[in-house]
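Here is a guided walk through a two-chain model, written to be read with the structure open beside you. Take a moment to look it over before reading on.

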2 protein chains.
Amino acid sequence: METLLLSRKDVAAAIDMRDVIEGVKQGYMAYQNGSLDQPPVVSMVMPKNHADCDVKCCYNQENDAMTVKVAALFEDNGVINDLPKMMGSVLLYDSKDGNLLAIMDGGLITGTRTGAAGAVSCELFSRKDSKVVAMFGGGGQARLQIKGIKCVRDIQQVRVFSRYPQELPKYKEDIEKELGIEVVICETPAEAMDGADIAVSTTPTADFMADVSLVKPGMHIVAVGADMPGKNEWDPEIFGKADKVICDSIPQCLERGETRNAVMTGIISEKDIFAEIGEVLLGNKPSRESDDEITVFDTTGMGVQDNVTAVAVYEYAKRSGLGQRFEFI
Amino acid sequence: METLLLSRKDVAAAIDMRDVIEGVKQGYMAYQNGSLDQPPVVSMVMPKNHADCDVKCCYNQENDAMTVKVAALFEDNGVINDLPKMMGSVLLYDSKDGNLLAIMDGGLITGTRTGAAGAVSCELFSRKDSKVVAMFGGGGQARLQIKGIKCVRDIQQVRVFSRYPQELPKYKEDIEKELGIEVVICETPAEAMDGADIAVSTTPTADFMADVSLVKPGMHIVAVGADMPGKNEWDPEIFGKADKVICDSIPQCLERGETRNAVMTGIISEKDIFAEIGEVLLGNKPSRESDDEITVFDTTGMGVQDNVTAVAVYEYAKRSGLGQRFEFI
């Protein structure tokens with residue numbers, strides 16, 4: 001049986017943000033429909049290498065695909081070597097016989113489906129006239145969030161802050177060139193949040209950057225970076241101030257996400273969480289209801305996002321003759 | 001960066017049972033030494049396809065390897081198609097930079113390291129003069145257990161019982177030809193257990209086959225098949241009758257193994273478990289202490305077994321020029 005091998009370059013050629021946004025919506029609804037066996041995320045931590053790794057699995061009855069994704073962050077990569085910080089792989093199996101259909105580099109899949117998740121939340125919860133995004137972090141995910149949000153809102157300006165300001169001139173250049181959106185490099189979190197309609201955090205920090213006073217009525221916050229205990233990008237008080245807290249998966253956000261910090265500090269309790277995003281997509285709960293609401297979307301990333309994205313990439317790559325083939329069996 | 005791709009045939013050429021037995025011993029001791037980040041096993045169940053899948057991960061500081069293994073059992077394979085029942089893959093990463101060193105077919109790795117686990121337990125706990133093995137099941141693992149045990153004991157006869165007796169003539173032929181050990185095909189569990197020094201179970205059954213009356217003094221039992229809640233190969237009363245119950249990982253066997261069934265039915269409690277096998281290997285607890293003891297080894301399989309086995313296979317394959325190469329990044 002042949003397995004399709006897709007390099008990072010092949011995946012880049014086969015992945016399309018708009019398709020992934022649609023796939024992620026389907027995936028969130030499949031999760032609500034009980035169509036998934038999506039076990040808890042497991043993590044490995046490699047402190048001496050400044051690295052951590054998540055493994056996310058999903059069997060999706062709706063597309064017959066079983067996926068296992070390894071997504072690791074090696075913080076020193078790019079500094080001590082030429083490798084990307086985001087490493088990892090996605091394995092796509094046919095759930096009917098266990099055949100390994102494809103192995104693809106995972107960096108861009110994680111990045112794109114995470115960008116798509118932010119975009120889905122912005123389509124539902126950011127004000128329709130949102131024009132300014134505050135961005136925390138200037139890495140790959142900070143690029144893909146903007147790429148995703150641009151698909152659903154007419155963004156005119158990105159105000160970016162990073163603890164590693166040396167990465168920001170290149171960030172500005174890339175976003176302005178690729179997406180045609182003005183980027184303002186900010187020296188403080190307050191400067192980044194000034195006038196923002198949407199605020200997105202994409203860092204692995206344990207010390208939050210923006211305190212509650214910077215969050216204004218009408219703002220939608222996308223909390224992306226915190227995906228395991230110990231990470232914390234937002235002042236937990238923001239969850240108390242928010243009108244609606246939305247999670248991708250409530251149990252997972254309580255275990256690993258920004259929501260965990262807010263619940264553990266007692267600022268909100270589990271019952272204060274408004275919805276899982278799939279409930280809103282299915283129309284079982286409302287999206288934004290007024291221009292003044294403060295909304296927070298906490299995403300820790302679910303296996304089904306990788307599942308639907310991997311299937312889309314595989315199908316495109318097969319049609320387009322991308323990649324190489326190898327017979328494992 | 002190049003990734004080495006190893007097919008099932010390549011792995012077969014690169015794997016050696018004696019090396020794997022030594023590797024598994026090192027792995028069990030590394031677990032005791034606290035050298036691992038080995039998150040809980042996660043499973044996906046695909047009932048409509050008669051399949052289940054485990055994912056086992058391990059970061060091992062002692063060899064700098066991070067591994068993720070996908071091991072699935074597709075019960076209909078070989079019947080409705082020509083694929084093996086055991087499907088899956090092992091990903092081997094360099095934990096220093098996240099580079100994907102190798103992807104190898106996982107079937108034989110799981111099988112061999114599981115056979116090696118049984119062998120390690122027999123070396124420590126079966127009587128030195130053990131000659132007869134009762135075997136439940138006639139599939140791949142029933143072969144590899146014998147292959148492993150033969151490395152540590154002078155086995156003269158295998159007495160095999162299976163709920164699928166049609167598989168046994170081929171089993172007998174393979175074992176007699178490959179290992180030179182006489183195989184007696186048995187029509188009942190009692191017949192298989194008659195005169196056995198070691199009894200090994202390798203099936204995914206939920207209805208146990210051998211009741212406590214068949215277990216005689218001096219016997220060592222290797223419980224391999226039950227590796228998730230719901231599976232049960234041995235009468236839980238056997239755990240009460242045993243002098244020593246040994247686990248690969250106590251928490252994991254309590255969650256997923258045969259030990260779980262014995263504890264949940266109240267026949268033993270957690271404190272009745274004698275040891276983890278690594279404690280015995282390190283000399284912190286004794287192995288078999290008399291010819292009359294009944295000993296039970298419950299193994300649910302740990303990520304570190306895959307980790308050490310994958311490293312051994314990779315190193316051998318590199319030296320021998322096996323496999324093909326692909327650049328994912």
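In chain A, A:Ile246 stands opposite A:Ala275, a residue of strand 14. Keep in mind throughout that this is a predicted model. The facing residues sit where strand 13 and strand 14 of chain A run parallel, joined by two bridges.

**The sheet of chain A**

Those strands belong to an open sheet of eight strands in chain A, with parallel pairing and the order 10-9-8-11-12-15-13-14. Which strands stand at its edges? They are strand 10 and strand 14 (275–276), each with a single partner strand, so one side of each has no neighbour in the sheet.

The table gives the number of bridges and one facing pair for each.

| Strands of chain A, parallel | Bridges | Facing residues |
|---|---|---|
| Strand 9 and strand 10 | four bridges | A:Val158 and A:Val183 |
| Strand 8 (residues 132–136) and strand 11 | four bridges | A:Phe136 and A:Ser201 |
| Strand 11 and strand 12 (residues 220–223) | four bridges | A:Ile198 and A:His220 |
| Strand 13 and strand 15 (residues 295–298) | four bridges | A:Cys247 and A:Asp298 |

**Helix 5 and its surroundings**

Now turn to helix 5 of chain A, residues 168–179. Its twelve residues should span 16 Å at 1.5 Å a residue, and the C-alpha atoms at its ends are 16 Å apart, so the two values agree. Within helix 5 of chain A, the residues A:Leu168, A:Tyr171 and A:Ile175 are buried. Viewed down the helix axis, these buried residues fall within an arc of 50 degrees, so they line one face of the helix. On the face turned away from the buried side are the exposed residues A:Pro169, A:Lys170, A:Glu173 and A:Lys177.

What do the buried residues of helix 5 of chain A pack against? Their partners are helix 4 (140–150), strand 9 (157–161) and strand 10 (182–185) of chain A. Just after helix 5, A:Gly180 takes a positive phi of about 65 degrees.

A:Cys151 lies in the loop between helix 4 and strand 9 of chain A. Is A:Cys151 buried, exposed or partly exposed? With 17 other C-beta atoms within 10 Å, A:Cys151 is partly exposed. Beyond residues up to four places away in sequence, A:Cys151 touches A:Met17, A:Arg18, A:Ile21 and A:Ala119.

**A buried loop residue in chain B**

In chain B, look for B:Thr299 in the loop between strand 15 (295–298) and helix 11 (303–320). B:Thr299 counts as buried because 26 C-beta neighbours lie inside 10 Å. Neighbours within four places in sequence aside, B:Thr299 is in contact with B:Ala117, B:Ala223, B:Val224 and B:Asp248. B:Val152, by comparison, is 147 residues from B:Thr299 in sequence and 18 Å from it in space, C-alpha to C-alpha.

**Core and interface**

The largest nonpolar core has 222 residues, and of these A:Val313 and B:Val313 touch the most other members. Leaving out residues up to four places away in sequence, B:Val313 touches B:Leu6, B:Val11, B:Ala14, B:Ile15, B:Met104 and B:Ile109.

Finally, how many residues of chain A are in contact with chain B? There are 42, and they meet 42 residues of chain B. On the chain A side, at least two residues each come from strand 3 (42–46), strand 4 (51–60), strand 5 (65–74), strand 6 (86–94), strand 7 (100–105) and strand 16 (324–327). That side of chain A consists of 26 nonpolar, ten polar and six charged residues.

Technical notes:
Residues numbered from 1 in each chain as written. Chains lettered and ligands numbered in written order. Predicted model: local features only at pLDDT ≥ 70, side-chain atom pairs only at ≥ 80, totals over all residues. Core = buried A, V, L, I, M, F, W, Y, C linked by C-beta atoms within 7 Å. Buried ≥ 20, exposed ≤ 12 C-beta atoms within 10 Å, placed from the backbone. Contact = placed C-beta atoms within 7 Å. Nonpolar A, V, L, I, M, F, W, Y, C, P; charged D, E, K, R; others polar. Expected span 1.5 Å × (residues − 1). Arc of directions from axis to C-beta. Pairing = 2+ DSSP bridges.
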